[in-house]
Amino acid sequence: MSIIHYIKCMFINPIMYSKNEQYKMVLVVRSDIFMGKGKTAAQCAHAAVECCHQVSLNAKYQQIYKSWLLQGQSKIVLKISSEEELISLAKNARKAGLIVSIIKDAGKTQLQPGTISTLGIGPGPKQLIDNLTLNLKLL
């Protein structure tokens, strides 16, 4: 975000949020399937874009999204060991009221069509996301 855009956001459309509340997005990648670095990056990008697209469809998340943008759009990439664990995490995140994006590959390159590869969660409150992903390691 350019400094000019940031200043416009702050003065034209001030955001009401707690300065103590931090927001983040996590991208959770399955470690039990092989994907090259480029493929992994693309799958993470799909998850991030889809999460942001979901924000645009739901007014409930607009304030969090704007706050996350102004805070620098924190994104953390984690790994998870199986599809079952990924689906379980997605269900728990959804129950907690977070934005969730499950990415199924089209099957054009390295993965079979329909393979679930990546989960996006957020943007949402950092503490809430951390509580759900505490046991996962960085990719």
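Which residue just after helix 3 takes a positive phi? Glycine 72 does, with a phi of about 105°, in a model that is predicted, where local features need pLDDT of at least 70, side-chain atom pairs count only at pLDDT 80 or more, and totals for chains, interfaces and linings use all residues. Residues are numbered from 1 along each chain as its sequence is written, and side-chain values use heavy atoms, with hydrogens and water left out.

Helix 3 covers residues 62–70, helices being DSSP runs of H or I with at least four residues, numbered from the N terminus. Within helix 3, tyrosine 65 and tryptophan 68 are three residues apart, about one turn of the helix, and they form a tilted aromatic pair, 5.9 Å centre to centre with 35° between the planes (ring centres of Phe, Tyr and Trp, the last by its six-membered ring, lie within 6.5 Å; planes under 30 degrees apart count as stacked, over 60 as edge-to-face and the rest as tilted). Tyrosine 65 is partly exposed at a relative accessible area of 21%, whereas tryptophan 68 is buried at 4% (buried means under 20%, exposed over 50%, partly exposed in between, with a 1.4 Å probe and protein chains only).

Turning to helix 2, residues 37–56, we find glutamine 43, which counts as buried at 2% relative accessibility. The side chain of glutamine 43 makes a polar contact of 2.6 Å with that of serine 117 (a pair of N or O atoms within 3.5 Å; within protein, one must be able to donate a hydrogen and the other to accept it, and residues adjacent in sequence count only if both atoms are side-chain atoms).

Conventions
Helix = DSSP H or I, 4+ residues; strand = E, 2+ residues; numbered from the N terminus.
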